[in-house]
Amino acid sequence: MKLKILAATIAAITLVGCNQAPDEAPVTEQPDNTNYADTVFINGKILTVDEDFTVASALAVEGERIAAVGDNASVSELIGDSTEVIDLEGKTMIPGLIDNHIHFIRAGQSWHQQARIDGVTSRQEALDIIAAKAASMEPGAWLMVQGGWWPAQFADDPSDLTLEELDAAAPNNPLFLQLVYFTVYANTLAQEAVGADPSNGAKYGLGEMINPQPPYGLLNEQMPKADNEQIKQNVRDVVTRFNRGGLTTVYDVGRPPEGDITLLEEMLAEDEGLNMRVWHTLKYEAYNPEDGDAAIELIKSSTPNNGDYIGLLGVGEHVYLPFFDLPGFGEVYSDDIVNEFGRISRAAAEQGLRINEHTMMDQTSNSALDVWEQIDADIPLEPLRWSLEHLFNTSDETLIRMRDMGVTAAVHGVAQTLPVPLQPPMKRMQDLGVIWGLGSDGTIVTPWQPFLTIAWAVTGKAINGQTLFEETVSREDALVAHTRTNAFLLFKEDDIGTLEVGKFADLAVLTGDYLTVPEDELKDLESVFTMVGGRVAYDTLR
């Protein structure tokens with residue numbers, strides 16, 4: 001990749017002194033009132049994702065923010081003696097991707113003990129990844145796959161993993177693989193360590209001896225707890241991997257057992273910046289009215305603060321835990337549960353906090369909307385940008401209710417693991433004028449990679465190639481949903497989400513052309529150069 005300091009070659013160079021001596025070097029004259037850029041990208045295909053989806057060829061960064069976007073000639077006027085110029089050679093640049101629903105801090109608790117097989121479509125490749133991680137560890141050290149996968153993703157063989165395969169992959173290490181919250185696979189060493197009988201095979205479900213629900217259960221209890229310094233390093237490693245995927249912002253929606261989100265404040269000071277913007281929800285768990293009282297007191301003492309890199313934004317993904325559903329299982333909630341959900345929701349509205357509420361099934365969505373309509377009559381919800389999340393089988397009637405109330409939609413790649421009737425109606429959301437954004441719901445229930453989610457929205461196909469729905473959205477609309485719309489959902493539309501002058505320089509240069517690569521290759525896109533606030537976060541470009 002060509003990296004040049006180009007000040008001496010800018011067009012319209014003015015030489016100082018017509019009678020300078022022949023052996024004197026020419027001097028470039030630069031206007032005193034010009035603020036030259038720190039970095040200029042030229043010869044690119046820059047998808048700004050602004051309201052007109054403008055495509056430019058050059059972009060300049062000064063400090064943390066974008067100084068210019070346009071053609072090569074106009075942006076090159078900001079090149080000075082110390083400007084770094086990066087020739088993109090036709091590569092595509094997009095705004096940094098934003099995940100509106102992810103369990104980010106949870107991944108950092110054990111990242112150094114994990115193998116990740118998110119999005120891998122070959123069974124053998126997944127086993128090879130696990131084997132390579134095991135080979136890098138001391139014999140006897142515990143190894144896990146903390147979700148993010150599903151047997152059906154293996155296009156070549158989606159059957160259950162066998163004890164023989166897991167023993168071969170990790171012959172000297174206890175190994176277990178979380179599958180969502182309801183299933184776990186474990187090798188012989190892991191089972192023997194907790195008194196299980198390997199003759200039963202590798203797979204255990206809820207109600208069996210090995211509780212598969214993280215972070216609880218016999219197997220999870222065997223994992224050595226990392227100290228703060230290790231967790232900080234894990235978080236840095238997670239961020240680097242996410243930057244490679246094109247992510248620059250995440251919204252952490254986890255609960256207290258998933259890890260200490262305040263650790264990020266320490267890291268922000270120690271590292272003099274983070275290569276990821278991490279906003280989060282208020283960390284509490286409410287299972288009964290007494291817990292609800294405590295939650296309301298916490299809400300009343302909290303104010304939204306979505307600072308530049310980290311901050312509290314809202315409440316969710318579970319306002320009140322008994323108000324909870326699963327794919328295919330819509331609940332008829334008791335008046336007590338609905339009233340408690342409404343009581344906590346109203347406190348959040350009064351405090352100006354955003355809510356993102358887990359509602360998978362249409363019946364649950366409407367139960368939430370019934371409550372929120374009563375609140376909306378007193379406190380308009382549209383300015384708060386509340387969202388219903390997941391929305392697996394949402395009807396047009398529900399979408400219209402959401403639109404008319406100003407309730408937004410957050411759709412997540414976890415639906416790729418579900419059957420055809422449970423696919424969220426993204427095209428209908430688009431057509432009906434509902435504000436909707438894309439996220440993953442990683443890092444346990446689904447792969448975290450944003451381009452896997454984008455590819456699913458554009459192609460209607462699961463990771464393994466199975467067609468799940470026909471009413472797909474365009475590439476442009478999918479990219480908007482993972483950038484500009486998510487910035488709006490997080491109240492950061494003035495700072496991120498598009499590549500426009502004055503916004504933070506959060507950007508990713510891709511391995512392929514987003515607008516023209518074959519549809520089946522969209523899921524494989526990654527970043528070769530990621531910048532967060534003008535700071536290089538990931539770079540294999542230069």
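Which residue just after α7 takes a positive phi? In this predicted model, that residue is G246, with a phi of about 95°. Helix α7 itself covers residues 228–244. Its 17 residues should span 24 Å at 1.5 Å a residue, and the end C-alpha atoms are 24 Å apart, so expectation and model agree. The buried positions of α7 are I231, K232, N234, V235, V238, V239, F242 and N243. Helix geometry gives a context for such a pattern. An α-helix has 3.6 residues a turn, so residues three or four places apart point the same way. The buried residues of α7 pack against three kinds of neighbour in the listing: helices α2 (104–108) and α8 (263–270), as well as strands β9 (97–102), β14 (247–252), β22 (527–532) and β23 (535–539). Strands β22 and β23 also belong to an open sheet of six strands. The order is β4-β3-β8-β21-β22-β23, with mixed pairing. Strands β4 (55–56) and β23 form the edges, each pairing on one side only. Within the sheet, β8 (residues 92–95) and β21 (residues 507–510) pair in the antiparallel sense over three bridges. M93 has V509 in β21 as its bridge partner.

Helix α14 (residues 450–459) is mostly covered, with 10 of its 10 residues buried. Among them are P450, F451, L452 and W456. Just after α14, G460 takes a positive phi of about 75°.

The structure holds 13 aromatic pairs. Y181 and F182 form an edge-to-face pair, at 6.4 Å centre to centre and 70° between the planes. F182 is partly exposed, at a relative accessible area of 36%. W456 and F469 have ring centres 6.0 Å apart and planes at 85°, so this pair is edge-to-face as well. The W456–F469 pair links distant parts of the chain, 13 residues apart. W456 lies in helix α14, and F469 lies in the loop between α14 and α15 (475–481). W456 is buried, at 0% relative accessibility. F469 is also buried, with a relative accessible area of 13%. Elsewhere, ring pairs link F323, Y333, F341, W372 and W386 into a cluster.

The ring of F504 receives charged side chains. The charged end of R65 sits over this ring, 3.8 Å from its centre. R277 lies over the face of F504, at 4.1 Å from the ring centre.

A search of the whole structure finds 35 salt bridges. One of them joins R484 and E51, at 3.5 Å from N to O. R484 lies in helix α16 (residues 484–489) and E51 in the loop between β3 (45–47) and β4, so the bridge ties together parts that are 433 residues apart in sequence. R484 is partly exposed at 22% relative accessibility, whereas E51 is exposed at 65%.

R343 and D293 form another salt bridge, their closest N and O atoms being 2.8 Å apart. R343 belongs to helix α10 (residues 335–351) and D293 to helix α9 (residues 289–300), so parts 50 residues apart in sequence are tied together. Both residues are partly exposed: R343 has a relative accessible area of 34%, and D293 has one of 40%.

D539 pairs with R542 in a salt bridge, with the closest N and O atoms 2.6 Å apart. D539 is partly exposed at 28% relative accessibility. R542 is partly exposed at 40%. Salt bridges that share partners also join E229, K232, R236, E266, E270 and D271 into one network. K232 is among the buried residues of α7.

How values were computed: Residues are numbered from 1 along each chain as its sequence is written. This is a predicted model: local features need pLDDT of at least 70, side-chain atom pairs count only at pLDDT 80 or more; totals for chains, interfaces and linings use all residues. Side-chain values use heavy atoms; hydrogens and water are left out. Buried means under 20% relative accessible area, exposed over 50%, partly exposed in between (1.4 Å probe, protein chains only). Helices (H or I, at least four residues) and strands (E, at least two) are DSSP runs, numbered from the N terminus. Rings of Phe, Tyr and Trp (its six-membered ring) pair if their centres lie within 6.5 Å; planes under 30 degrees apart count as stacked, over 60 as edge-to-face and the rest as tilted. A charge sits over a ring if NZ of Lys or CZ of Arg is within 6 Å of the ring centre and within 35 degrees of the ring normal. The expected span of a helix is 1.5 Å times one less than its number of residues. Contact means heavy atoms within 4.5 Å. Two strands pair if DSSP finds at least two bridges between them. A salt bridge is a side-chain nitrogen of Lys or Arg within 4 Å of a carboxyl oxygen of Asp or Glu.
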